[in-house]
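Good morning, and thank you for coming. I would ask everyone to look at the structure on the screen while I go through its main features.

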Amino acid sequence: MKILKITPISTFFFRPLPFDFFSGIGLYSEQVYDYDLWRPYRQGVHRLVDQGDQIYIENYSLKNALFYAGAARELSLLKTITPDCIERRYNCSMIFKRDGDRFQGAVEPGNLCLIEKNGCQTYLDSYVEITETTWVSLDKGMDVNTHQQVWGSTFGPLRFKKRESFADEVPNIL
């Protein structure tokens, strides 16, 4: 008998927030498996800060994340997220630099983006590459003492292809 391993399909959404949320560009993100759209395995709010030669992205968590599950697909739900609903994830910002037609980013240096998983204190090791049509991401949780991988992909990065654009929702600030 042959055993087949079926890998679930993951969908990653980025949805623009109103300009006045951060007095600048902000995004809501949500990652879900296609078989369980109402229980995201990752949600976040992100503030983009242009620093000239790089883009610094502050990351925030939602205080009651499940209240906002589906906000990437339901605009009415997205509009209920306010600055009072989020908390800054210090030391977990991402720094992106342009490289030709893509942006490459990583979590800020220092191994201080701490995440407890399965009773183990870990730090985030994250790499992201973005093009106009793709998102490639490799997140790993490394043990703070041994620096051995505790969680995250052991088979390489996750690869996403753009299926829909929300560019018309990005505020025009000029």
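This is a predicted model: local features need pLDDT of at least 70, side-chain atom pairs count only at pLDDT 80 or more; totals for chains, interfaces and linings use all residues.

The lining of the second largest pocket is made up of seven nonpolar residues, one polar residue and two charged ones. In this count, Ala, Val, Leu, Ile, Met, Phe, Trp, Tyr, Cys and Pro are nonpolar, Asp, Glu, Lys and Arg are charged, and the others, Gly among them, are polar. The lining consists of Pro16, Leu17, Pro18, Phe21, Leu75, Leu78, Lys79, Ile81, Thr82 and Glu169. The pocket holds about 180 Å³ of space. A pocket here is an open set of points, on a 1 Å grid over the protein atoms alone, where a 1.4 Å probe fits, with protein on both sides within 12 Å along at least five of seven lines; lining residues have an atom within 4 Å of a point. Points are joined across faces, edges and corners, and the volume is the space filled by probe spheres set on them.

Residues are numbered from 1 along each chain as its sequence is written, and side-chain values use heavy atoms, with hydrogens and water left out.

Glu169, from the pocket lining, also forms a salt bridge with Arg15, at 2.8 Å from N to O. A salt bridge means a side-chain nitrogen of Lys or Arg within 4 Å of a carboxyl oxygen of Asp or Glu. Arg15 belongs to strand 1 (residues 10-16) and Glu169 to the segment after strand 12 (158-161), so the pair ties together parts 154 residues apart in sequence. Strands are DSSP runs of E, at least two residues long, numbered from the N terminus. Arg15 is buried, at 7% relative accessibility, whereas Glu169 is partly exposed at 26%. Buried means under 20% relative accessible area, exposed over 50%, and partly exposed in between, with a 1.4 Å probe and protein chains only.

How many salt bridges does a search of the whole structure find? The search finds nine. One of them joins Arg88 and Glu58, at 3.7 Å from N to O. Arg88 is in strand 5 (residues 86-88) and Glu58 in strand 4, 30 residues apart. Glu58 is buried at 9% relative accessibility, and Arg88 is partly exposed at 25%. Together with Arg47, these two residues are linked in a network of salt bridges.

Let us turn to the nonpolar cores. A nonpolar core is a set of buried Ala, Val, Leu, Ile, Met, Phe, Trp, Tyr and Cys residues joined through side-chain atoms within 4.5 Å. The largest has 16 residues, of which Tyr28, Val45, Leu62, Ile81 and Ile86 touch the most other members. Strand 2 (26-33) and strand 4 (55-62) each supply at least two residues of this core. Another core, of 13 residues, lies apart from it and includes Phe12, Ile57, Trp151 and Phe160.

Finally, two asparagines have positive phi values. Asn111, in the loop between strand 7 (102-107) and strand 8 (114-117), has phi near 55 degrees and is partly exposed, at 40% relative accessible area. Asn118, in the loop between strand 8 and strand 9 (120-130), has phi near 50 degrees and is exposed, at 75%.

Note on methods. Helices (H or I, at least four residues) and strands (E, at least two) are DSSP runs, numbered from the N terminus.
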